[in-house]
Amino acid sequence: MAHPLDSAAVDQLFLKARSHNLWQDREVPEALIHQLYQALRQGPTSNNCSPARFVFVRSPEAKQKLLPALKGHNGDKMLQAPVTVIVAWDSRFFELLPELFPIYDAGAAYRDNPQAAFTAALRNSSLQGAYLILAARTLGLDCGPMSGFDNAQVDATFFSDGRWRSNFLCCLGYGDDTGLRPSGPRLSFEQGCRIL
């Protein structure tokens, strides 16, 4: 039976976790990237559809390919980060549903309905991107999610066949706290919630 995590774990995942802009000069080993994926892939998605696809950009050559698509200071952040993940979604994710969800033909809802497929892919890949952030934090990594980039340019560069499409980017590594800004305010319960 599940039980509440201790306060240190909640701090690491949420209360003291920050979005980082500067990074220590520490490598993220490939084995840790594999461990990260093994954790995040367990997060639930609708009918286990798992539409997210993750491209871990870490080589200097791959970073130079990504750089022109980034806006403002995001290019500097990406170049300094040990890894930047392109969180993407597979437009034909439903082709794997017979394997991932063999209970019934869940793919029928998407095969001839591109809008339904788009909505499910974007929604569930965003959810899986959040799992990426939480899984990274459980492994002692810091994160710097970004949306300041040109999706079309990323897709043309990395996904030229058009099947995968970028959702957002997330830098991963060991954050340099000197680059942190003061923590911003959050909405109160009354501003952000309703109990009906």
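Figure 1. On a 1 Å grid over the protein atoms alone, a pocket is an open set of points where a 1.4 Å probe fits, with protein on both sides within 12 Å along at least five of seven lines; lining residues have an atom within 4 Å of a point. This is a predicted model, in which local features need pLDDT of at least 70 and side-chain atom pairs pLDDT 80 or more, while totals for chains, interfaces and linings use all residues. Residues are numbered from 1 along each chain as its sequence is written, and side-chain values use heavy atoms, without hydrogens or water. The largest pocket is lined by 20 residues. Nearest its centre lie Ala 17, Arg 18, Ser 19, Arg 137 and Arg 186. Two or more lining residues come from each of H1, helix H7 (114–138) and strand S3 (142–146); helices (H or I, at least four residues) and strands (E, at least two) are DSSP runs, numbered from the N terminus. H1 gives the largest share, 3 residues. The volume is about 430 Å³, taken as the space filled by probe spheres set on grid points joined across faces, edges and corners.

**Figure 2. Salt bridge between Arg 58 and Glu 27.** A salt bridge puts a side-chain nitrogen of Lys or Arg within 4 Å of a carboxyl oxygen of Asp or Glu. The whole structure holds 8 of them. Here the N to O distance is 3.2 Å. Arg 58 sits in the loop between strand S1 (52–57) and helix H3 (60–66), and Glu 27 in the loop between helix H1 (7–15) and helix H2 (30–40), so the pair ties together parts 31 residues apart in sequence. Arg 58 is partly exposed, at 29% relative accessible area. Glu 27 is exposed, at 59%. The classes are buried under 20%, exposed over 50% and partly exposed in between (1.4 Å probe, protein chains only).

**Figure 3. Salt bridge between Glu 95 and Arg 163.** The closest N and O atoms are 3.5 Å apart. Glu 95 belongs to the loop between strand S2 (83–90) and helix H5 (97–100); Arg 163 belongs to the loop between helix H8 (151–158) and strand S4 (164–173). The partners are 68 residues apart. Glu 95 is partly exposed at 39%, as is Arg 163 at 27%. Shared partners join Arg 53, Asp 90, Arg 92, Glu 95 and Arg 163 into one salt-bridge network.

**Figure 4. Aromatic pair of Phe 159 and Trp 164.** Rings of Phe, Tyr and Trp (its six-membered ring) pair if their centres lie within 6.5 Å; planes under 30 degrees apart are stacked, over 60 edge-to-face, and the rest tilted. The count is 8 aromatic pairs. This one is tilted, with 5.7 Å centre to centre and 55° between the planes. Phe 159 is buried at 6% relative accessible area. Trp 164 is partly exposed at 27%. Elsewhere, ring pairs link Phe 93, Phe 94 and Tyr 110 into a cluster.

**Figure 5. Thr 178 and its contacts.** Thr 178 is in the loop between S4 and helix H9 (189–192). At 67% relative accessibility, Thr 178 is exposed. Its side chain makes a polar contact with the side chain of Asp 176 at 2.7 Å. Such a contact is a pair of N or O atoms within 3.5 Å; within protein, one must be able to donate a hydrogen and the other to accept it, and residues adjacent in sequence count only if both atoms are side-chain atoms. The C-alpha atoms of Thr 178 and Leu 22 are separated by 7.5 Å, although these residues are 156 apart along the chain.
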